[in-house]
Amino acid sequence: MRGPARLLALLAVTAVTQVAAASDRFVPADPDFVVANVRQAMPDEELRGLLTAWRSNPEAETGTVALAAAFIDRARSLREPRYFGRAEAVLAPRANQAGAGTALRRLYAQVLQYRHAFAAAEALVDSILRDAPHDADARLLRASIRLVRGDFAGARGDCAQLAAAGGNGAQIGFVCLAEALAGGGQFARAQALLANAPTGRANEDPHWRAYLLATRAELRERTLDFGGAIADYGAALALAPQDDSVRAALADALAARGEVRDAQELLTVDKPSLSLLVRSAALSRGARRAEFSARAAAWLDLEAARGDSIHYREAAMLALTNGQPGLALDAAAKNFDVQRELPDVRVLARAATAARDEAALQALRAWLRKTGYRDSVTENLLGAAARS
């Protein structure tokens with residue numbers, strides 16, 4: 001994921017902390033399974049204490065939730081995706097058992113969403129909302145999943161319910177609703193909602209403020225207001241510096257405005273995600289491009305070897321960088337089947353244009369007409385393809 005929906009998911013899982021895995025995918029029963037150095041695997045005393053408590057009583061759901069939530073927090077704050085795997089290891093055996101609690105199932109849905117198992121994640125959240133229709137955290141999570149999948153009408157319903165419920169959730173709901181409306185091309189309504197979002201205690205939450213700014217930035221980016229988008233993405237990143245979705249979005253906007261060196265500097269972080277690696281490859285030349293491309297390719301190969309869900313968006317971006325339009329279009333089309341955020345739309349347009357595949361171009365045009373989705377960059381690419 002990249003962009004506002006990723007921050008919405010983070011808001012949902014943050015609230016949680018105060019579907020079965022694929023049949024060919026091995027999930028160890030113990031979160032320490034592949035670790036030789038326990039102290040290295042458990043980077044702080046708090047996490048080691050939670051692990052000890054969980055091992056002493058693995059059937060206690062409160063301990064399972066606390067340990068899994070801590071793993072997810074470390075995965076994000078340390079940029080260490082292996083901690084999502086450890087969260088999955090403790091959650092998966094219990095998440096689909098009868099009587100599994102809502103907090104445990106919400107966390108497992110978050111892990112499934114991270115793995116791009118969006119259908120399974122949404123089905124799990126559906127089950128939570130059937131049991132607890134007023135669970136605002138689950139509704140937030142489902143809205144984020146639906147936004148990623150391009151189900152703007154479904155997301156609009158969830159966001160509207162959050163906004164109507166009042167309280168702090170209403171503030172998040174208004175921004176979420178704006179994002180959903182923008183997905184359907186209703187820019188004026190979306191901008192009005194962002195301008196008039198209710199104020200309250202949520203304003204003190206940096207994640208909520210970052211979500212509002214990132215949503216506003218994306219709307220500006222889609223209308224070619226790169227200056228406004230860069231300002232808002234920059235402010236959002238200052239509030240959520242570990243969020244690689246915002247970092248990637250800001251790098252894209254900077255690169256689009258020709259500020260390549262600034263974009264490269266922004267992408268230079270410890271333990272960059274795959275999303276950042278493929279962007280570094282695209283913005284580099286010579287040996288540096290080869291290095292970043294090799295690292296990204298190795299990441300994708302490892303996903304395939306482990307049976308994980310492939311990051312097809314990044315695979316398509318890497319193929320475009322390496323001058324492989326056919327491979328790029330294949331990956332972009334597979335990606336578009338499961339997620340339809342702004343970079344997903346754009347990479348499909350770029351891949352279809354590079355491959356000169358008229359059927360793929362027509363299919364994308366048909367989707368844009370059907371949904372009302374607007375993005376000036378995509379429209380310019382499709383227009384250029386039609387004229388060539």
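User: Which residues make the contact between α7 and α8?

Analyst: From α7 come F118, A119, A121, E122, V125, D126, I128 and L129. From α8 come A138, R139, L141, R142, I145, R146, V148 and R149. Sorted by class, this contact holds 10 nonpolar and 6 charged residues, with no polar ones.

User: Why is the pair α16 and α18 called roughly parallel?

Analyst: Here the angle falls at the other end of the scale. Helix α16 (residues 274–283) and helix α18 (residues 312–321) have axes that cross at roughly 15° and come within 9 Å. Angles under 35 degrees count as roughly parallel, and that is why α16 is described as roughly parallel to α18. The crossing of these two helices is left-handed. On the α16 side, the contact involves L274, S275, V278, R279, A281 and A282, and on the α18 side E314, M317, L318 and T321. The classes are 6 nonpolar, 2 polar and 2 charged residues.

User: What makes C159 and C176 a disulfide?

Analyst: Look at the sulfur atoms: those of C159 and C176 are 1.7 Å apart. The rule asks for cysteine sulfur atoms within 2.5 Å, so the pair qualifies as a disulfide. By this rule the count comes to 1 disulfide.

User: Why is this disulfide called left-handed, and which parts does the pair tie together?

Analyst: The torsion about the S-S bond of C159 and C176 is about -40°, and therefore the disulfide is left-handed. C159 sits in helix α9 (residues 152–164), while C176 sits in helix α10 (residues 168–183), so the pair ties together parts that are 17 residues apart in sequence.

User: Where is the pLDDT below 50?

Analyst: Good thing to check! The protein averages a pLDDT of 88, and 88% of the residues score at least 70. Residues 16–26, however, have a pLDDT below 50, and this stretch has 26 contacts in the model beyond near neighbours in sequence. Residues 33–40 also have a pLDDT below 50, with 9 contacts beyond near neighbours in sequence. Where pLDDT is low, the predicted coordinates should not be read in detail.

Notes: Residues numbered from 1 in each chain as written. Predicted model: local features only at pLDDT ≥ 70, side-chain atom pairs only at ≥ 80, totals over all residues. Heavy atoms only, no water. Axes fitted to C-alpha atoms, helices over the stretch in contact; angles between N-to-C directions. Helix = DSSP H or I, 4+ residues; strand = E, 2+ residues; numbered from the N terminus. Parallel < 35°, antiparallel > 145°, perpendicular 65-115°, else oblique. Left-handed = near helix turned anticlockwise from the far one by under 90°. Contact = heavy atoms within 4.5 Å. Nonpolar A, V, L, I, M, F, W, Y, C, P; charged D, E, K, R; others polar. pLDDT = per-residue confidence, 0-100.
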